[in-house]
Amino acid sequence: MPEYAAEYLRTTSDPVVLEPGKTTEIRFGPLTPGPLLVRVVAEGPRALGPGVDPEVVDDPGLPPYRPGGGGFLLAGGPGGYGVVDRPVPLRRPAGGGVERLPLNPEDFRLDVLDDNGNTVATENGQVTYTVPDSGTSGAGSGSFPVFFGRRWTVKITNNSPSRAYIRCLIRFQGIRPVLERDIDLEFLNDKLNVLFNSEQQQPLRLEFVNLPAYEALGTTIPQSYARLVLKPDWARVYPDLHNLKVPLGGKWFKEPTWTEQITLHATVHDGAPAIKLAVKFRERTGRIDLESVIKSQVGTGGGIAVDLYEAFSDVPDIDIDHFDLDLFLVLRPPRDHFGNVTPRFEVVARPYIWTTPDWAGAVAGAGMQFALERLLPGVAARQFAKYAADFQGWLLGDRDRQVIDGRETITLRYIGKPQSDDFTRVPAATQPLNQGDLAKIDHIVVLMLENRSFDHMLGYLSLPRRLSGAARREVDGLTGSETNPKNLRGDVQKVFSLAEKRSRGTVDPRYETRGTRFMLDPGHGFASNAYQRGDKPIPWMVSPFGGLSVPVGQNEGFVLDFTRKFRSEVPLAVQALVFGDVMGYHPAAHVPVYDFLANEFAICDHWFASHPGQTWPNRFVSLTGRLAPDPKTGGPQIENPDLASFDPLEVPTIFDYLTGAGVSWRYYESDFAMLRTFSCYTLDSKNVVRIDDPTHGFFKAASDGKLPSVSYLEANLTDIPPGNDDHPPSDITDGQALVKSVYQALSGGPLWDKTLFIITYDEHGGFYDHVWPQSHDENALYDWTNPAAGGFVPLARHPDDPDRWIDHYGMRVPALIISPWVPRSHVSKMVFDHTAILKTIMARFLDQQPPDMGARVALSPNLGGLLTEPNPRSPGLGPFPGMTLTPNRRFARTLPSRGPEGETDFRAFLGGFARRVRGGH
């Protein structure tokens, strides 16, 4: 991989609005030693004085007029602010608002803080600083290694008297690799077809309409515009594109005409990646006002010969026989190396207008090409810049990357990140591992489902039969006496079977929580985990006179947190009927596949989520051994990410290490896999394939005996409903059907005797579990200076108190271990979390040179200790005699998965990410 020293550039993508006297912070880096330049570019409103039309001056950031101050305040010019003796006319730009001119950069103080928070340089307008060779390399300091590199900070203070619109430009030296990436156009176009090109989708149309145009002399004449019209759901997401109008410079069309179909294709244009919009208009619709077209093109220099105007200025209107338009948005690299560091879309228009006579269509087509290629980028410059950056982000994993060139094969060469952005490796045991009984198997299959606790799904196993239990006392499940407080009066809710009918009242189907569908989604973010675990009082009542919080005991906050989340969304009459149902458990009749597998194979009744939080952090740990880097702070991310600021990740996963060791693997997706949120797999169609693909899918590979060494299976995480991942409001019967089909494919295939099948859940989803995740005091935590001492490995600092760690796992989740080498009805009491999956894969397939995936993985036990049978067992009684799986299809509606703290569910994030990848923005 060639590497070279290059300038690393960073700019704020959109202007930051900064009020007078206020300060804003921008994080960047980490840095490598060398020169650093930070510069501010600011704009402000042009002028303000008496007599200014208030309808024109619509910017609240304009500096106030000061009577008796000797004149009018003027922004801009080499001296910054000046005073003039008369008002300066304000001009409204084409995009609206008040014209802004550059402000004096000396009015803005810049403070540069290093990765330890120390101020190293302070200047006005521009700062230069040399990053030293040691002590500030971005690797972090202290006893706890910073996995993702520390970020530097620039503080910008507005010392001007006006609101300012600022951009910060940062340049520093770093060693950056030149990389190549192959873009699979077939895969990208397949995703575009699913999202955009089907007849049922068609989220937008282009139309040509005549609208009034304001002329300088006060006359109103019609003018033709090209206008985009989006469907309501798309208009909400992209409001700046809805009704976007481009004036064509005159009245081109006698009557409106609009598109019949628009299709999107990913393609290559002039050696660069591009999105092609193939626009097909209705046949024999519209009439060209040829005289107006010719006049407008002569006036604008559009390349139409002047003698056409003389010869054909009085010709009649021309009927359009056929009208098509190919519009290319071509991704181009930045124009320069400072001040414009974002990619851009170049517009290439190819109109095809057939008329009689032919030359009339050619004239109109040439004029339209000129208008679209010249005017469209100007009118939609901001939108194009944003979508070009997004498009490049999905292709290359980072919006700020610099494309060097592109080839017709759509192999892009680009500049990667500085070396200091790589992981800082955690000291961990990298000596060869002992395979032990894992040597008995050659294939590991992992299925991680969504958002259910152990007691909720498997707690019934220990209950007496009179409570719909299996009377297995060796299982640390429910006893039937567990309770949680459910209000401030001291009433409690006892655990109960979700198969029970309600004793009173009926519930609107939108809020139903009994049976196999739980329509409401309990809280499961970091705050909800703390409330449910009893770490802090639960907010209950807020008023102008103060608030009320309710303290709870260990694992006694489930009902109150569920109530807190939905109290404002669920009708009062329904609340008393459903809020206690978070304590419900599923009996064997609801989970017949698990009941079969728990009796035939093994369960782990002390398997915990790796992190007390949502899906994203737990699934990230299950693939990388660590939490994801937070793009804002550079530290570990303890909540689900924000889609608006998310770029695909470039952190090594277990699959990167398997590939490096030549070990086969595949990630089987049901819809859109989480692995696609990693940059190198976003557009991967070789390693990430559909689970039911008839040629390369999991079921085909299992039946043919061609499974890879490691298979990750992913349920449908984005489709609500039906969804088969068990995430509310999915019907868990769908999840049971998925598990059954996977088990049958493995047990009925030729590789059964060499297979280990692991089923678990990413996190508890807010459902009750009685086992309290143990806290570990300071002395029981892992000591990075003495790895041999062991201890609990924290993954992040506590957000409420940075001086202490998050010192415990998340809640307990179901885990079933299926293999012919596992004893029948076995219950493992060993403490596991999701890093046990990584350790098991490493111990079996990377045992001679285990990668460093963090101290949590290094200290985790593997699952080989459960494979104790001397000989492989037959698959057991099957395939599930007498079992019927009939999901409830009656209800499709659910409430938004957003709680009081803005908690967003991973399904919404992943669905949005899928739409952006498939849609090319």
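Which helix holds R856? Select residues 855-859: this is helix α17, and R856 is found there. Keep in mind throughout that the model is predicted.

**Stop one: R856**

Show the side chain of R856. Is R856 buried or exposed? R856 counts as buried because its relative accessibility is 5%, and the cut-off for buried is under 20%.

Now select D833 and display its side chain too. The side chains of R856 and D833 make a polar contact at 2.9 Å.

Next, bring up the surroundings of R856. Setting aside neighbours within four places in sequence, the contacts of R856 include F792, V793, P794 and L795.

**Stop two: a sheet of 4 strands**

Move to the open sheet with the strand order β3-β12-β9-β10. Its pairing is antiparallel. Start at the edges: select 23-28 for β3 and 119-124 for β10. Each of these edge strands pairs on one side only. Look along the sheet: neighbouring strands are turned by 20 degrees against each other on average, direction ignored.

Now go inside. Select 108-113 for β9 and 152-158 for β12. How many bridges join β9 and β12? The two strands pair over 6 bridges, in the antiparallel sense.

Which residue of β12 is the bridge partner of D111? Select K155 in β12: K155 is that partner.

Key
Residues numbered from 1 in each chain as written. Predicted model: local features only at pLDDT ≥ 70, side-chain atom pairs only at ≥ 80, totals over all residues. Heavy atoms only, no water. Pairing = 2+ DSSP bridges. Axes fitted to C-alpha atoms, helices over the stretch in contact; angles between N-to-C directions. Buried < 20%, exposed > 50% of the residue type's maximum accessible area, 1.4 Å probe, protein only. Contact = heavy atoms within 4.5 Å. Polar contact = N/O pair within 3.5 Å; in protein donor to acceptor, adjacent residues only side chain to side chain.
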